[in-house]
Amino acid sequence: MTTTPSAPLDAPDEDRLLAGFDATIARNDRIEPRDWMPEGYRKTLVRQVAQHAHSEIIGMQPEGNWLTRAPSLRRKAILLAKVQDEAGHGLYLYSACETLGVSRAELTEMLIEGRQKYSSIFNYPTLSYADVGTIGWLVDGAAICNQVPLCRTSFGPYGRAMIRICKEESFHQRQGYELLMTMMRGTDEQRAMVQESVDRFWWPALMMFGPPDAESPNTAQSMAWGIKRNTNDDLRQRFVDMTVPQAEALGVTLPDPDLVWNEDRGHHDFGEPDWEEFMAVVKGNGPCNAQRIAHRRRAHEDGAWVREAATAFAARSRIAGAQQARVEEESTR
Ligand code: FAQ
């Protein structure tokens, strides 16, 4: 959507452009890459979209850990497909981010140098196969709550990427729930594995939504720009309300003694996540931060020859294409 300036024609250029941008946001239309945008809007989007892309790519590691030890061929095929989808999500999001004028190579550098973040949740280890199910159920469930409203985000390429990603995330969530349901119908040992896994992932899943609204420095501006459509606390509440009946159907206990339905509010009350732990994980001191980044760095270095070969091939194809065009031009003279 091209912005239509609505400021008086004699207003200075910047003011007119800003007025046009504000009018587009107010109409709930999309901002597109070639439209004028304030530098703060562009920077906020680069930060959020890159962080989102990095989360998908780093998020391949905890589940990828179980690919070689899946309990059956069927489970292995499902897990492989899910992890590959996450790579795809990362690539759509890096492409959306590139439309904001930053290259994928730069984004990768920023990630492995610790200058950009990724979701806190992926700094927790996966200790049993039940974790594959719990990640699908709780982590993809939280991701869906957060990301469905982002399909309406104000920046076109991000919103369009989210539509496809959300469809796949829903499928991921169902596969996690189905795995847990199968285990819950199994032996006492399998049921205990599921409960132990849910006990470890419940609080980190709540932290995925970010700090409480009162301590979220970015929410107010991101909501005003239509980048975020809901606050962190609203989405956390939505997730809790959605998940409680699912836990009951599964037969697992969510590890929160304060979790109770509040008739007056029409929502569940729940306990406070450990925000000190969240801050420690975000600052790089979670159980797996160092391992995740070291693995990503190694994969990037190991892939250097592929990038060089692809660049050389593209250059050669360009030369061959130009030669072919010359030959065809001469033959038509
Ligand atoms: N982890 O002011 P706010 C997935 C940072 S995808 C780490 O509230 P904002 C799929 C935040 O960046 C999961 N850092 O920030 C999957 C900021 O620091 P900064 C990823 C966090 O941006 C499933 C500071 O704290 N999803 O799971 C976290 O307005 C299974 C202050 O916070 C997205 O990225 C956190 N959890 O709101 C893959 C969704 N929370 O940057 C594999 C898009 C906050 O100023 C397997 N992102 N911080 O230095 C968003 O919706 C927002 O960026 C929030 C944070 C809600 C995450």
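**Group meeting: a predicted helical chain**

At 16% relative accessibility, cysteine 151 counts as buried, where buried means under 20% relative accessible area, exposed over 50% and partly exposed in between, with a 1.4 Å probe and protein chains only. Cysteine 288 is likewise counted as buried, at 5% relative accessibility.

Before I continue, please note that this is a predicted model, in which local features need pLDDT of at least 70 and side-chain atom pairs count only at pLDDT 80 or more, while totals for chains, interfaces and linings use all residues. Residues are numbered from 1 along each chain as its sequence is written, and side-chain values use heavy atoms, with hydrogens and water left out.

How many disulfides are there? A disulfide is a pair of cysteine sulfur atoms within 2.5 Å, and by this rule the count is zero. For cysteine 151, the closest cysteine sulfur belongs to cysteine 166, and because it lies 3.9 Å away, it is too far for a bond.

Let me turn to the chain as a whole. The protein chain has 13 helices and two strands; these are DSSP runs, numbered from the N terminus, with helices being H or I of at least four residues and strands E of at least two. Its C-alpha atoms fill a box of roughly 80 × 55 × 35 Å along the principal axes. Of its 333 residues, 48% count as buried. Contact means heavy atoms within 4.5 Å; among contacts between residues at least 6 apart in sequence, 75% join residues at least 24 apart.

Next, the interior. A nonpolar core is a set of buried Ala, Val, Leu, Ile, Met, Phe, Trp, Tyr and Cys residues joined through side-chain atoms within 4.5 Å. The largest one has 45 residues, and Trp137, Val194, Phe239 and Val252 have the most contacts inside it. The elements giving two or more residues to this core are helix 4 (73-98), helix 6 (130-147), helix 7 (156-184), helix 8 (188-207), helix 10 (232-250) and helix 11 (275-285). Helix 6 gives the most, with eight residues. Apart from this core lies another, of 29 residues, including Ala53, Leu93, Tyr94 and Leu107.

Leaving aside neighbours within four places in sequence, valine 194 is in contact with Ala130, Leu180, Met183, Met184 and Val252.

How do helix 7 and helix 8 pack? Their axes are 7 Å apart, at an angle of about 140°; axes are lines fitted to C-alpha atoms, for helices over the stretch in contact, and angles run from 0 to 180 degrees between N-to-C directions. Helix 7 is therefore oblique to helix 8, since angles under 35 degrees count as roughly parallel, over 145 as roughly antiparallel, 65 to 115 as roughly perpendicular and the rest as oblique. Leu180, Met183 and Met184 of helix 7 meet Gln190, Arg191, Met193 and Val194 of helix 8.

Finally, two loop residues. Asparagine 28 is found between helix 1 (13-26) and helix 2 (39-58), and is exposed, with a relative accessible area of 51%. Its phi is near 65°, a positive value in a residue other than glycine. Is glycine 59, by comparison, buried or exposed? Glycine 59, in the loop between helix 2 and helix 3 (60-64), is buried, with a relative accessible area of 3%. Not counting residues up to four places away in sequence, glycine 59 touches His54, Glu86 and Phe122.
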